[in-house]
Amino acid sequence: MNKDQSKEAPMSGHFDMPKDFAKRIHQALRAWHSRQVEDTLADLLLAQQIRIKQETVSPRLISNQILLAGLERLKQINARGAELLQRRFLDQEKAQKLSVRWNISPDMIFQQQRPAIEQLAEVIWQQELELRQHRLRQIETRLEARAYSQLFGVAEKIAEVRVQLESPSSPWLIVLEGLGGIGKTALADALVHKFALTGPFKDIAWISAKQQDFLPAIGLQATNQPALDVDTLANSLLEQFNVEIPLSLSPQAKLAILTKFLKSSPYLIVIDNLETVVDYQTLLPTLRKLANPSRFLLTSRHSLQAYADVFCYNLKELSQSDTLALLRHEAQMRGLPALANASQTQLNSIYQVVGGNPLALKLVVGQISVFPLPQVLDNLKQAHGKKMDELYTYIYWQAWNALNVTSKQVLLAMPLAQDGDLAQLAAMSQLATDKLYDALDHLVMLSLVEVGGDDLTDHRYHIHRLTETFLLTEVAKWQAA
Ligand SMILES: Nc1ncnc2c1ncn2[C@@H]1O[C@H](COP(=O)(O)OP(=O)(O)OP(=O)(O)O)[C@@H](O)[C@H]1O
Ligand SMILES: [Mg+2]
């Protein structure tokens, strides 16, 4: 795999028109009346949308519907070009005849036809883009805020899981399993973004099974969200898929409606953090009943190897070269010259201790933003040989000890305000906005807090589950002592 393939481009929502698109539009126009099956435009989301609405429609008719809608739009900006294409391809009018009708030479007809096709291609591509953006926005509202700007070493992983997700038969339940922080949620998120635009699914839902814990450090229940049981699952899916149901329906009736819905077409349902469901074994039989043709993509720190019908994809850590690429990328993003200019040997020594666990690596990068690189490397040497969970605890303590009182106060309030904005966090931590902002800035530098949201005015802050666990166990224990 070359370097570029191993990187996953950030989800920008920008897609350039394929180079041969005008040629494909020309082919589709020529095939307007063809009896043979033509599927030059089958890979467009525009085609998928038509297929979903009219299940039995042929590829040629789909392509014709796309062309018609494009011609309609072209008419508004270039009426003559649209008419030319309509007469030439839909009405099969010969260039000769048209040249007489328009009183120009047949050569002129061909001269005008070419730019008209190019313009039609641009118009159709624009329609495709609008649909893609709309679809992405819709699905993104169901996802959690992204904590990454670029993923490393995922191209192969995406391809391997994708084969299973696109298979026309079983497995219907697929689980991404692996250690905390290894990148299960990030991979599921990347897959959802891929499938939002192409692929066999009519729609995609995302559910986090994570239950909020009691927070002894603060003495509050984080949220009264119900744990993920069958009824909560059904409610959430019916809501995300906009299935209208009468209020006060019994749980059994709701489940029956959901079953019928998921059996009617293939949907993709992601359940993140399955292992946090206390009795997930009891959820599995329900998922089996709901699946086929719909699919479930689960993430879990625990292995589900014991279940023969669940396809288990074990997430391995990043390779050495992907780890180094991640470190260099983080250095660039955070403006850390010490790390950006670090020698290969220094970067390798980080890999020797931390391995290719993305979250642990990001935390170490966080340390480099506040301590000199040699000191961080020195500290890491002491962690050599520790198991992953001990390593996390070690790194978290290093980070915690580097915090001032205000930052500690803000971090402790974070579990109560997951995905909150500045105003919500201010209310929760009872701090003035400028003080809070400085504290958050520091926590983000340390990778203890992650920022999501599209623009500066819409920043949302959250902490990773492992950070939360550290606060709830280690810090709480220590504070209670
Ligand atoms: N391949 C990758 N390249 C760069 N960053 C990554 C990659 N995979 C994950 N990350 C980042 O590392 C952090 C941990 O990843 P993620 O939350 O997906 O782990 P997880 O396996 O879901 O952990 P948990 O079991 O605690 O839920 C996140 O900040 C994520 O954005
Ligand atoms: Mg996760």
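This is a predicted model: local features need pLDDT of at least 70, side-chain atom pairs count only at pLDDT 80 or more; totals for chains, interfaces and linings use all residues.
Asp419 lies in the loop between α19 (405-413) and α20 (422-429). Setting aside neighbours within four places in sequence, the contacts of Asp419 are Ala145, Gln424, Arg460, Tyr461 and His462.

Thr40 is located in the loop between α2 and α3 (45-53). Is Thr40 buried or exposed? Its relative accessibility is 17%, so Thr40 counts as buried, the cut-off being under 20%. Once residues up to four places away in sequence are left out, Thr40 touches Arg24, Gln27 and Ala28.

For the chain overall, the secondary structure comprises 22 helices and eleven strands. The C-alpha atoms fill a box of roughly 95 × 60 × 45 Å along the principal axes. The chain has 481 residues, and 49% of them count as buried. Contacts between residues at least 6 apart in sequence were also sorted by separation, and 74% of them join residues at least 24 apart.

Two helix pairs illustrate how elements of the chain pack. In one of them, helix α13 (residues 320-334) packs against helix α16 (residues 358-370) at an angle of about 40°, and the axes are 10 Å apart. That angle makes α13 oblique to α16, and α13 passes α16 in a right-handed crossing. On the α13 side, Thr323, Leu326, Leu327, Glu330 and Arg334 take part, meeting Pro358, Leu361, Lys362, Val365 and Gly366 of α16.

The other pair is formed by helix α11 (residues 251-264) and helix α12 (residues 280-290), which pack at about 50° with their axes 9 Å apart. Here too the angle makes the arrangement oblique. Leu255, Leu258, Thr259, Leu262 and Lys263 of α11 make the contact with Thr286, Lys289 and Leu290 of α12.

Aromatic side chains complete the picture. A pair of aromatic rings is described by the distance of the centres and the angle of the planes. With ring centres required to lie within 6.5 Å, the count comes to eight aromatic pairs. One of these joins Phe21 and Trp125: the ring centres are 5.2 Å apart and the planes meet at 65°, so the pair is edge-to-face. Phe21 belongs to helix α2 (residues 21-30) and Trp125 to helix α7 (residues 106-140), and the pair thus links distant parts of the chain, 104 residues apart. Phe21 and Trp125 are both buried. Elsewhere, ring pairs link Tyr392, Tyr396, Trp397 and Phe470 into a cluster.

The charged end of Arg88 sits over the ring of Phe89, at 5.8 Å from the ring centre. Likewise, the ring of Phe195 has the charged end of Arg162 over it, 5.2 Å from the centre.

Notes
Residues are numbered from 1 along each chain as its sequence is written. Chains are lettered from A and ligands numbered from 1 in the order in which they are written. Side-chain values use heavy atoms; hydrogens and water are left out. Rings of Phe, Tyr and Trp (its six-membered ring) pair if their centres lie within 6.5 Å; planes under 30 degrees apart count as stacked, over 60 as edge-to-face and the rest as tilted. Helices (H or I, at least four residues) and strands (E, at least two) are DSSP runs, numbered from the N terminus. Buried means under 20% relative accessible area, exposed over 50%, partly exposed in between (1.4 Å probe, protein chains only). A charge sits over a ring if NZ of Lys or CZ of Arg is within 6 Å of the ring centre and within 35 degrees of the ring normal. Axes are lines fitted to C-alpha atoms, for helices over the stretch in contact, and angles run from 0 to 180 degrees between N-to-C directions. Angles under 35 degrees count as roughly parallel, over 145 as roughly antiparallel, 65 to 115 as roughly perpendicular and the rest as oblique. A crossing is left-handed if the near helix is turned anticlockwise from the far one by less than a right angle, and right-handed if clockwise. Contact means heavy atoms within 4.5 Å.
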